[in-house]
Amino acid sequence: MTDIPSPTGVNERRGPLRPGQRVQLKDAKGRLNTITLTEGGQFHSYQGVLHHDDLIGGPDGVVARNSAGHEYQVLRPLISDFVLSMPRGATVVYPKDSGQIVQMADIFPGARVVEAGVGSGGLSISLLRAVGDAGELHSYERREEFADVARANVQTFFGGEHPAWQIHLGDAQEEMTTVHEPGSVDRVVLDMLAPWECLDAVATVLAPGGVWINYVATATQLSRVAEAIREDGRFTQTEASETMVRGWHLDGLAVRPDHRMVAHTGFLLVCRRLATGQEALALKKRSKVSEFKAVDVEAWQPADESRWTPQALGERPVTDKKARKAAREAASMEQKGARRHLADTDPGEGPAAAADPMAPVEPVDPADL
């Protein structure tokens with residue numbers, strides 16, 4: 001029987017806990033802390049000290065006691081836990097939306113996928129899991145700091161580089177057509193301020209029948225990209241949706257909705273690419289009673305492109321200082337995992353050897369403090 005190689009990252013999800021892995025600690029009051037295990041490491045709180053060595057080598061799902069006798073439930077974080085706790089520069093795509101994107105865009109093993117707006121890498125992790133080692137994910141990002149954060153987060157999650165992933169620095173609408181042959185991409189996923197600017201590039205690289213899905217934050221963006229797709233004529237089956245998740249409180253007979261919920265985070269707009277030269281069927285509609293006035297259209301969809309800014313759409317700008325700090329945190333977390341993998345292959349080069357107290361310390365830029 002031919003041995004089938006294990007998919008990338010599978011060893012991070014099973015087996016005993018090892019140095020470099022992330023684990024979640026939950027106390028009796030439900031408080032969560034996510035830590036990276038290191039040999040000789042300690043988790044300090046006002047309730048005492050928990051030694052990492054007490055967890056390393058043991059199974060997942062144990063209950064551990066710290067120096068003061070307080071108990072913690074220890075579990076590997078799920079992908080949703082990891083994404084919400086990992087270092088970030090840009091706002092992450094929430095797990096509820098990532099799951100919808102994978103399903104609605106029909107991301108399949110071996111697919112060639114283009115992603116624009118890599119952010120902190122949360123959506124990239126879900127897409128890489130879906131395409132597998134035999135697929136391709138090309139992620140485009142304008143800011144190098146965000147690309148560094150995403151690269152470190154992805155490598156931490158999978159335990160190393162993923163063979164299906166490539167990051168390209170630059171504008172997607174300019175770089176996409178130079179990297180990919182016409183009609184060679186199966187799926188396109190855009191998480192960006194103005195996805196309509198990529199319309200021609202997407203139509204060029206997307207294969208007939210391929211799926212283009214957009215993740216936008218506001219109704220004005222949703223309307224603008226929907227109208228641009230409709231007027232272009234090369235796409236069909238345009239649909240929009242949003243996902244809201246409400247948890248439930250379960251305690252004996254006290255079963256009710258939670259007081260808090262994850263409500264609006266973004267809209268999803270999905271469409272399909274028509275074959276070259278084909279026109280979408282004109283669906284019959286009832287005639288409108290009235291038409292929109294020009295002043296209404298201008299207020300909803302400003303013709304002046306300079307008015308389409310992150311600030312105008314309610315987005316908080318991410319400073320270079322914050323992005324650099326997130327990149328350092330993500331790189332530090334990834335390096336801990338890398339030392340653990342090095343120890344697995346060469347014990348003489350493991351964490352004990354790497355922890356040289358006389359090793360030079362990389363200077364910190366005062367501007368980043």
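Predicted model: local features only at pLDDT ≥ 70, side-chain atom pairs only at ≥ 80, totals over all residues.
## Helix H4 and its end

Residues are numbered from 1 along each chain as its sequence is written, and side-chain values use heavy atoms, with hydrogens and water left out.

H4 covers residues 144–158 (helices are DSSP runs of H or I, at least four residues, and strands are runs of E, at least two, numbered from the N terminus). Of its 15 residues, 11 are buried (under 20% relative accessible area with a 1.4 Å probe, protein chains only; exposed is over 50%, partly exposed in between). Among the buried ones are Phe146, Ala150 and Phe157.

## How H3 meets H4

H3 (residues 122–131) crosses H4 at roughly 45°, and their axes come within 9 Å. Axes here are lines fitted to C-alpha atoms, for helices over the stretch in contact, and angles run from 0 to 180 degrees between N-to-C directions.

Who touches whom? Ser124, Ile125, Leu128 and Arg129 in H3 meet Asn153, Val154, Phe157 and Phe158 in H4 (contact means heavy atoms within 4.5 Å).

## Two positive phi values

Aspartate 106 isn't a glycine, yet its phi is positive, about 55°. You'll find aspartate 106 in the loop between helix H2 (95–104) and strand S7 (112–116), partly exposed at 43% relative accessible area.

Glutamine 237 also has a positive phi of about 55° without being a glycine. This one lies in strand S12 (residues 235–241), and at 53% relative accessibility glutamine 237 counts as exposed.
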